[in-house]
Amino acid sequence: MPHPIRFDQTDAVGVITLDNPPVNAFSLSQRIGVSEAITAGLQDPTIQAFVICGSGRMFSAGADIREFDTGVAAESPTLSDLISLIEDSPKPVVCAMHGTALGGSCELSLACHSRVAVVGSRIGLPEVTLGIVPGAGGTQRLPRLIGVLPALDAIVSGKPMTAEKAHELGLVDNLADDLDDLLELSVSVAHRLSSQHEPPIKTRDRDSHLREAQNGSELFDNFRSQISRRARGFEAPFACVDCVEAATTMPFEQGLAFERETFLRCRSSNQSLAQRHAFFAEREVRKVRGLRAETSQIELKCAAVVGCGTMGSGIAMCFANAGIPVIVTESKQDMLDRGMEMIRQNYTSTVSKGRMSGDEAEARLALIKPTLEFERVSEADVVIEAAFEDMELKKKIFRDLDTLCKTDAILATNTSSLNVNAIAAATQRPEQVVGTHFFSPANIMRLVEIVRGDHSSPEVLSTILNLTKRLGKVGVVVGVCDSFAANRMLYPYSRQAQFLIEEGAFPEQVDKVIYDFGFPMGPFALSDLAGIDVGWRIRQHREPNRPKHLRYSDIADQLYKMGRYGQKTGKGWYQYEEGSRTPIPDSEGLDLIIRTSRELGIDRREISEEEILQRCMYPLINEGARILEEGIAQRASDLDIVWLYGFGFPRYRGGPMFYADSIGLKNVYEAMQGFYEIHRDWLEPAPLLERLAREDRTFAEWDRE
Ligand code: CAA
């Protein structure tokens, strides 16, 4: 296979162009190509210097992540070998970056003798997001170039910086205006460096930036405690800090060896496997059956949201944040005013935290146009209905939308559980109807379930998929069923949590197990945050459909009747002190739980942490298996994305279906079967889970079928 690079000579400068679409990842073949070009150029007296640049839309996305699992990443020349060859080259090497320069490619740039970047390009070391540390010298060279604290920030957050910021910090030496300018400028820098008498300066020898940290080792401990909350449960951020610290305490070669050892340890960890799974799952989820890259798109210039309650106002903000004008309709002035006030307060709070300028907030607010005139939906290319969860009301709204809206406008419903086909049938254009289930708070949560109705057209689906990306969301396409994928999997989880407290556990015990597993909070704290009244309202239309032989715990209903709605009333599963969100167990709540157990004739027992975890997790995985079998979700990995972005499932566990694979489906099945034998209700193992367990296969293998 030809090596995916090009080599051209401009005067005495050898220009090596990475040409490995789509992202110029440093595969073995590309590493060999660059290495051979440099080795040949070093022998060639007509070449005095090199420029390395990328073709297509970016410099490079770094190491080829797919090679991590095959062992090819370790084949010679490794990225580290190539980087040493570049740094040791007696002929200067200039790195010319555009688009993105991430991971291993950013590390390669650090070893070059000068760096040029097009303004606006993004440069960084995102390895931590894959559960690893930069493995090709990034933790040793970046602090030498830009200083210890900025390097720690960049490496531990994994966030790329703009070329302008990189220039300010000293990572980039020269900024180019555009791609043409980039090559010209880089060649001229290469000429200049090669005409100097001294050999090029190596980054590894630049130690001046390290001194500040060498004189005060508490810098690293402070940094560790600063990130301890944000990075709770993750191993890689702390491993990154260790590596940067090593840069300040060890000679370069030793620091490099420490980094290598840490990289290899992280790469083979379960956390990194899970985070790499999440990376690829996020890309797979965009590939939807029946949609092709060339599926045509509907142009969306203006949006409308019907309803300005909690969801409607949040959705309107999503459009405004993406720069799309949005009309918001309500039936009553006071409701409209309340919704707009909520939006204003949200922006004010963002400005007060310094996360947005006042002008920016005003500009976004100006894009939101509140109105009582429902007819104005006719101006929109996409309408999102965010009214109460009531089928008759929604059907009426869709009949009205059908008469008022442009013929090619997309009509979307934000229902969290209702039948999208029935809503679509209220219109003469079911092919234009789709579900867009945003998660609350809609302006923050990144998940949107895109519900594909029986008649939703490929154009509509594809446009909505792209729209979610434009809104900064992750769209997951699911089919029509009661409550779709996310909430359908959530119900068995919260249901079991409630049965557990009837049997002998307490809310704080269950919540602690789930929190320690890595969720931001447990099911009871979540229920108090979302509102026990909200759950009660949902149960009013769900529970009548429940098969009568399946029992449900009514403690939450009793809390509702007691007016304990959660944080908003200061009492729910827990109690809350004025102005505080910290849950405190209280005697009234505990009495209710113990009384309920007694009335049900249950002899309360000690419940182990292991049982709590399994009783909460396995039923949701089991429901995931049913969803897959019914074709409601396309892949198990799509369900992982739903949980990562919808409910804060710990990314370092990859999502529930990946987690199930990692503990073994046989173990999950056997535990479910055991629970079913004792508790019957709700816990019958799904046929797909049973089959995969019997065949000793995984959900990932089922995905690949
Ligand atoms: N290795 C292998 N494949 C990669 C890749 C990589 N580093 N980066 C992207 N791809 C693949 C994607 O999986 C996708 O493949 P499919 O089309 O088959 O789904 C394709 O390239 C296009 O990627 P995106 O859809 O993500 O394209 P985008 O334009 O939306 O984003 C990007 C581009 C910002 C570069 C994004 O792809 C990205 O963030 N990539 C990963 C960057 C990264 O984490 N680099 C560090 C690698 S680890 C490393 O370098 C370790 C080391 O120190 C040795």
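Visitor: How many bridges join strand β6 to β9?
Guide: Three bridges join β6 (residues 114-118) to β9, and the two strands run parallel. Strands pair here if DSSP finds at least two bridges between them. Helices (H or I, at least four residues) and strands (E, at least two) are DSSP runs, numbered from the N terminus. The model is a predicted one, in which local features need pLDDT of at least 70 and side-chain atom pairs count only at pLDDT 80 or more, whereas totals for chains, interfaces and linings use all residues. Residues are numbered from 1 along each chain as its sequence is written, and side-chain values use heavy atoms, with hydrogens and water left out.

Visitor: And which residue is the bridge partner of V116?
Guide: V116 has N174 in β9 as its bridge partner.

Visitor: What is the strand order of the sheet with β6 and β9?
Guide: The order is β1-β2-β3-β4-β6-β9, an open sheet of six strands with mixed pairing. The edges are β1 (5-10) and β9 (174-176); each has a single partner strand, so one side of each is left without a neighbour in the sheet. On average, neighbouring strands of this sheet are turned by 20 degrees against each other, direction ignored. Such angles run from 0 to 180 degrees between N-to-C directions, except where direction is ignored, and axes are lines fitted to C-alpha atoms, for helices over the stretch in contact.

Visitor: Which strands does helix α1 touch?
Guide: Helix α1 (residues 28-43) packs on the sheet and touches β1, β2 (13-18) and β3 (49-54). Its direction makes about 160 degrees with that of β3. Contact means heavy atoms within 4.5 Å.

Visitor: Let us take M97. Is it buried or exposed?
Guide: M97, in strand β4 (residues 93-97), is buried at 1% relative accessibility. Buried means under 20% relative accessible area, exposed over 50%, and partly exposed in between (1.4 Å probe, protein chains only).

Visitor: What is M97 in contact with?
Guide: Leaving aside neighbours within four places in sequence, the contacts of M97 include F59, R115, V116, I123 and L182. S121 is also one of them; the C-alpha atoms of M97 and S121 are separated by 7.5 Å, although the two are 24 residues apart along the chain.

Visitor: What is the order of the sheet of three strands?
Guide: That open sheet has the order β5-β7-β8, with mixed pairing. β5 and β7 (residues 122-124) pair in the parallel sense over three bridges, and L102 stands opposite G124 in β7. Helix α3 (residues 104-111) lies across β5 and β7, running at about 90 degrees to β5.

Visitor: Changing topic, at what angle do α10 and α11 pack?
Guide: Helix α10 (residues 236-249) and helix α11 (residues 252-267) pack at about 170 degrees, with their axes 9 Å apart. They are therefore roughly antiparallel; angles under 35 degrees count as roughly parallel, over 145 as roughly antiparallel, 65 to 115 as roughly perpendicular and the rest as oblique. Among the residues that meet are A239 and C243 in α10, and F258 and R265 in α11.

Visitor: Finally, how many disulfides are there?
Guide: The count is zero disulfides, where a disulfide is a pair of cysteine sulfur atoms within 2.5 Å.
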